[in-house]
Structures are given as C-alpha cells and as structure tokens.
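Open the model in your viewer and keep the sequence panel beside it. The stops below say what to select and what is there.

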Amino acid sequence: MSKERIPNLLSALRIVLVIPVVVLILHGGYATVAFIVFCVASMTDFADGLLARGWKVTSQLGAMLDTIADKVLSWGALLALLQVGLVWFWVVALIIVRDCAVLYLRRVHGKRMISSWAAKWKMTFQYFAIATAIIRGGTTVAGLFPDQWLMLLTCAMSIQSAVGYFARYGLKEG
C-alpha cells in the first residue's frame, strides 16, 4: 500500500468507527468500550494530518475526507450523548451550527481555507469533552461534571474560532 493512501484510509476508518461509538453510547453499559473506540477514532484525526503533512501527500480529496470524518464522528457522538442525556441540547446545536457556518464559509470562499490553530485546539478540546462525557463519573466541580466544563470551554473555543474564520475570510460580496 502506498503511503499516499494511508491518511485517507485513516479518515475513512474514523467514519466507520462512528457506528460502534454511537451504538455503544445509545445502548448503555458499554461506556468503557465506547470511550476506547471513540479515543481510537479521534486519534486517527491527528494521525492522518501528521502523516499527510509529514509525507507531503496532502490532497483536496484528503482534506475533504478529513473534514467529513471530523464532523461525522463529533456530530454522531454528540447526538448520541444528547439522546442519553449526557450533553445539553444547546451545546450540540452551537457546535453543529458553528461547523455548518464554517463549512458554508469554505464553500463561499471558493478556495481551500487552512484550518486555524484555534480550530485545531477547539477540535482537540471537543474530542476530549466528548470522551469525558462518555465515561462521566459521579463527581462534580462547582455544580457541573468535568465533561460539562469541557463542553463549555469547547463552546467558547467554537465561537472564537468561527469569529476568526469570518474575520479572516469574510463573505464575498454579491
């Protein structure tokens, strides 16, 4: 197998792993397994980018597949967590609306937009918040579970990175 294909295969694996993650979250009693599968899936996001850039095998297809895989994994996990009452509706809505707005901006902008560091950190914290929600324990800090604090941080980072994208790329006139 050529190394050009490996990053895209990792993105495809991330999409495939959404199915067991969602099923395990929805069926309850499998939090540890769901956590492990989600962590493996989220690590493919970092691995595919590192490999593609390190081997200089980036492509438009790879960038598109990576973006789709990110959204499918995070949205699938968030919607499953919402269904079982482990995440607030407004958090899921904010993250999905932010992601759609940035995807729309990418479409309107017409050329490839480089992911900002703010967006990369947002995604890292989002994955961490989701993983923490999957294995939520019984301890709260100042009235919230640790994953809820992480979700709040993720929301703030989501807004900040979206504002950064719109400030940098804006919408085309006419």
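## Stop 1: Asp45

Select Asp45, which is buried at a relative accessible area of 10% (buried means under 20% relative accessible area, exposed over 50%, and partly exposed in between, with a 1.4 Å probe and protein chains only). The model is a predicted one, where local features need pLDDT of at least 70, side-chain atom pairs count only at pLDDT 80 or more, and totals for chains, interfaces and linings use all residues. Residues are numbered from 1 along each chain as its sequence is written, and side-chain values use heavy atoms, with hydrogens and water left out.

Asp45 sits in helix H2, residues 31–54. Helices are DSSP runs of H or I with at least four residues, strands are runs of E with at least two, and both are numbered from the N terminus. Now show what surrounds the side chain. Apart from neighbours within four places in sequence, Asp45 is in contact with Arg14, Asp66, Asp70, Met123 and Tyr127; contact means heavy atoms within 4.5 Å.

## Stop 2: Arg14 and Asp48

Asp48 belongs to H2 and Arg14 to helix H1 (residues 6–27), so the pair ties together parts that are 34 residues apart in sequence. A salt bridge here is a side-chain nitrogen of Lys or Arg within 4 Å of a carboxyl oxygen of Asp or Glu.

Is Arg14 buried or exposed? Arg14 is buried, at a relative accessible area of 0%. Asp48 also counts as buried, at 4% relative accessibility.

## Stop 3

Select Asp99 and Lys122, whose closest N and O atoms are 3.3 Å apart in a salt bridge. This pair links distant parts of the chain, with Asp99 in helix H4 and Lys122 in helix H5, 23 residues apart. Both Asp99 and Lys122 are buried.

Next select Arg136 and Asp147, which form a salt bridge with the closest N and O atoms 2.7 Å apart. Arg136 lies in the loop between H5 and H6 and Asp147 in helix H6, so the pair ties together parts that are eleven residues apart in sequence. Arg136 is partly exposed, with a relative accessible area of 22%, whereas Asp147 is buried at 1%.

To see shared partners, select Arg14, Asp45, Asp48, Asp66 and Asp70, which salt bridges join into one network. The structure holds seven salt bridges.

## Stop 4: helix H6

Select residues 146–169, which make up helix H6. Its 24 residues reach 34 Å from first C-alpha to last, close to the 34 Å expected at 1.5 Å a residue; the expected span is 1.5 Å times one less than the number of residues.

Among the buried residues of H6 are Leu150, Met151, Thr154, Cys155, Met157 and Ser158. Their cover includes helix H3 (60–83), helix H4 (89–109) and helix H5 (117–134). Just after H6, Gly170 takes a positive phi of about 50°.

## Stop 5: the whole chain

Clear the selection and zoom out. The chain has six helices and zero strands. Its C-alpha atoms fill a box of roughly 45 × 45 × 25 Å along the principal axes. Of the 174 residues, 40% count as buried. Among contacts with a separation of 6 or more, 75% come from residues 24 or more positions apart.
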